[in-house]
Amino acid sequence: MAIGVSVVGRSFKYHRPRGVFSAGVEEPIALIQLGSGPQTQPNMPATAVELSDGLVANSVHCWPNVNRDIGALAQWLSPFMPAGFYYKTFMWPARRWMVYERYIRNAAGLGTAPTEADPDIYDKMHVHCDVLVIGGGPAGLAAALAAGRSGARVIVADQQPEFGGQLLGERLEIDGGPAMAWVAAALDELAGMDEVGLLPRTTAFGYYDHNFVALLERRPIAAAETGRLARECLWKVRAKQVVLATGAIERPLIFANNDRPGVMLANAARTYVNRYAVAPGNTVVVFTNNDDAYRTAIVLAEVGVKVPALVDVRAFAPGALREQVSAHGIEVLNGWSVINAHGGRRVRMVDVVALDEAGAAASGSRRSIDCDTVAVSGGWNPAVHLFSQSGGKLRFDNARACFVPDVSVQSERSAGSCAGIFNLDGCLEAGFEVGAAAAADAGFTHGARPKRPRAEAPEEQPMRPLLWVPPPSNGKRFGKHFVDLHNDVTIADIELARHEGYESVELTKRYTTLGMGLDQGKTGNVHGLAVLAEARGNPIPAVGTTTFRPPYTPVSFGALAGRDVGDLYDPSRRTPMHRWHEQAGAVFEDVGQWKRPRYYPRSGETMGDAVDRECLAARHAVGILDASTLGKIDIQGPDAAEFLNRVYTNAWDRLPVGRCRYGLMCTDDGMVFDDGVTARLGDAHYLMSTTSGGAGRVLSWLEEWLQTEWPTLKVYLNSVTESWATASVSGPLARALLAGLTKTDLSADAFPHLGVREAVVAHLPARIFRVSFTGEVSFEISVPARYGMALWTTLMEAGQAYGITPFGTEAMHVLRAEKGYIITGQDTDGSVTPIDLGMDWIVSKKKDFLGRRSLNRVDAMRPDRKQLVGLLTDDPSDVLPEGAQIVGEKLPQPPMPMIGHVTSSYYSANLGRSIALALIKGGRDRIGKTVFAPLVDRTVSAVIVKPGFYDPEGARLHA
Amino acid sequence: MLLIPCPWCGLRDEVEFKYGGEAHNNRPLVPDVHDDTAWAAYLFMKKNPKGLHLERWVHAAGCRRWFNVARDTVSNRIDGSYKIGEKPPAIAAETEESA
Ligand SMILES: [Zn+2]
């Protein structure tokens, strides 16, 4: 600004040149792309970015550059781009949307997201405090002092790098000295208090339930670049009491072409002079409806900026202030209005018109005044965002045309200008009072209250609650009157929306995009409401306000993610044998949080080759699987059998000690939930196994039933998944292998299928389950987790003689599919009953269990429910994709009625062909029939069969 | 984020808990005496009041106990919590009857 740059960006819709409008986070138009490469941040308001050495910034939203912007052609098309333009134009046909969207996104062209991973670190802090003070201006610091002196734990957060708030841009006095000297003394005192924490550069962006407030702290760039400090920190604060001292945001008056570069908020113009020693322009016309902008005129004149006129829509003169302004030789036009700004890349002239006696029409004499800047003030909006987020109810103050806090819902208080107190002395008074009250409510009572500091409280003349300039006497406005500078929403757009039936403010907002930009309408929303209210003929309170949602200002994804990125995004669980699998070159897959070997490729093998080899080994020699991830729940108590009866579909009372049984669980709506084998280890002691991914879910669910519905059952559940490491050896040579490592009799007679033995294996205390998920003779050997690696390596060494082959989850899936065994969550999806799976044999008719009543619902007994069947493709080498839709009849083109879908599909090396499981409507009645899977590149025909392709009699299982 | 009073552990952050839906929607003791409509009502038709709601929560990342909470669904104000099998706090019961 000091070197005369006036255009910093282009507007969102019309690509009109835009300049700096404000001096804070409310900035609607001066957006920049900050930094470059992986650290770049788009759409930062230039007015809120702290300067640092070497800072890189670029304009957004213009091409090729801000001064020659091709998109500016849009402003000549603007008569064809009314409110709802995109909706009206691009709604149909839907398939063209893809084309339009690309055009629109390019034209809108807001900043660019980085394409590489962010190298910076981000932190999160969880803190509790007695009093959280949000805002470090006069009211906030006063509140912090009052609360801090009581001994309460206080956090003071302010979004700016320096404390002082509005005082930073003013030349006011407190107790007869410079106000900033009082700020410095207050900060000194606060810094000396053990229980007070000061957080500059920290925005409270969200006020959530039960006084939970989220703060975003931005660290100085230099500190972050040393790599020792997180770039940003997300503070999660639970406060007993909150003091909102969030200040107020000035708003403009709206006139034709009020978006020209050089049109700026009056308080911003003053701030640039006072705080940054920058003149906002050479010749400034001040335009106002209130006293405050008179101070801007005085400040500008004092530093030598030419102020040809102060235009005030009020007919009366505000006493002393007017005299001071006049003393600087500034012409004061009371009862006049700026109606239009001329100029392209900078204002060069404004038209001013005298208002009629009532101030309702711009009908009097007319002049033009040369200027390069218009400092405009339409009064102030208290920053009630956080108050409203907290659930507080707002009240509309008619005299000042703004919303102020009314009824609190949470433990918070507003102090200072965010509560509608617009003078310094009042802010100090409120700050001390509210700070003390908050501390008292948090349990910290004050001793003697020292005399509070004083500031001058000049007499204020009432503002005129007028937000846009009166129309000429014929009522017809000309030119664009921008309400929302960010999204290019004009008065005419809002009137049009209302004309088209958008009465509700929430709908008008979405139709016109009013207040939906990055600035969330901080300087324009109240104007929008006022325009809508007038169009509806209602007062503003009747129109209401849109919802204030978090965040108050944009929050980076990095801060929200914190350290939970990369490997720390989700915990990963590894079995005790993990390192062996890694060394064996296993390819891992995620099963829940577990890392499980999917297959073990040898050099030169594809995945298919490896899986085929592993599958053949498990059926012809012996395979070994790391089954440690299976969920294990220890169940003890005299009512354990009764408990199992209630949660499993089959009966458990007669299972003897030393035996195990497969069980299926349903939710109470009758849908299959999980399955697994449960063993009886003692009279009142069972061990339940669950799916690997379902262990936590099943335990929580069992606990819920126990605690909420069956509290009288004496049953205790405990997760023991991580306590055991399990190796499963499977295949015709499994028995011989294991026999060499244990004295336990493994013969089919002594240790039949579904037997359970305590044993010693390879000198390790072990538990052996004879259960099989492959259809071969299998022994699941569990040892305490710390012996897992020893067990595994011993089995591998001893197994060399038998051709032992480690196999992964993929081979396991193929082997079980060959047998027609289901995997819950793959062959079921929460809409499948045991009957749908053809597992009637496991559903007891004699007892109640979760889901039983639901199986008798009419819907559960429909004959056309999807049922589990097998599919054999006509071409045995063709493997159906899982998820493929199945049709009964092949039609020339879609749509074809779909009758089901493929749930599991593999190439089976043992069978020398492809196999699949599918859920097909009325599938069991269609056995033997041919169905089709229409795919993108081909249609596959297949025959429906029973789901069980290999050894259906189970001879191998019992061998 | 709510601050939830676990009857066993005291006030804790909502992140430690899991929500369990409507409380006192107990499973019928003899399911067979209920026709399909009544059974479906138990399974699927949950209260969704504007105002006081009695609901189950579990202190999943704490003591793992299930309990009930009386919460206002509009303001999120929590009027109290109580153990499974206990009666709702008096204030909650009154509000519910008058509602
Ligand atoms: Zn607890």
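Helix 4 of chain A is largely enclosed by the rest of the structure, because 11 of its 12 residues are buried. Here, buried means under 20% relative accessible area, exposed means over 50%, and partly exposed lies in between, with a 1.4 Å probe and protein chains only. Helices (H or I, at least four residues) and strands (E, at least two) are DSSP runs, numbered from the N terminus. This is a predicted model, in which local features need pLDDT of at least 70 and side-chain atom pairs count only at pLDDT 80 or more, while totals for chains, interfaces and linings use all residues; side-chain values use heavy atoms, without hydrogens and water. Residues are numbered from 1 along each chain as its sequence is written, and chains are lettered from A and ligands numbered from 1 in the order in which they are written.

Let us stay with helix 4, which covers residues 138-149. Its buried residues include P138(A), G140(A), L141(A) and L145(A). They pack against several elements of chain A, among them strand 6 (122-134), helix 5 (179-191) and helix 11 (424-441); contact means heavy atoms within 4.5 Å. The end C-alpha atoms of helix 4 are 16 Å apart, which agrees with the 16 Å that its 12 residues should span at 1.5 Å a residue. That expected span is 1.5 Å times one less than the number of residues. Just after the helix, G151(A) takes a positive phi of about 95°.

Now for the whole chain. Chain A has 24 helices and 47 strands. Its radius of gyration is 37 Å, well over the 30 Å that the globule rule gives for 959 residues, so chain A is more spread out than a compact globule. This radius is taken over C-alpha atoms, and the rule is 2.2 Å times the number of residues to the power 0.38. Along its principal axes, the C-alpha trace spans about 115 × 75 × 55 Å. Buried residues make up 57% of the 959 residues.

H210(A) sits between strand 11 (202-208) and strand 12 (212-218), and Q520(A) between helix 13 (505-512) and helix 14 (525-536). Q520(A) is partly exposed, with a relative accessible area of 34%. Neither is a glycine, yet phi is positive in H210(A) and in Q520(A).

| Residues joined | Omega |
|---|---|
| P550(A) and P551(A) | about -5° |
| P894(A) and P895(A) | about 0° |

P551(A) lies in the loop between helix 15 (540-543) and helix 16 (557-561), while P895(A) lies between strand 43 (885-887) and strand 44 (898-908).
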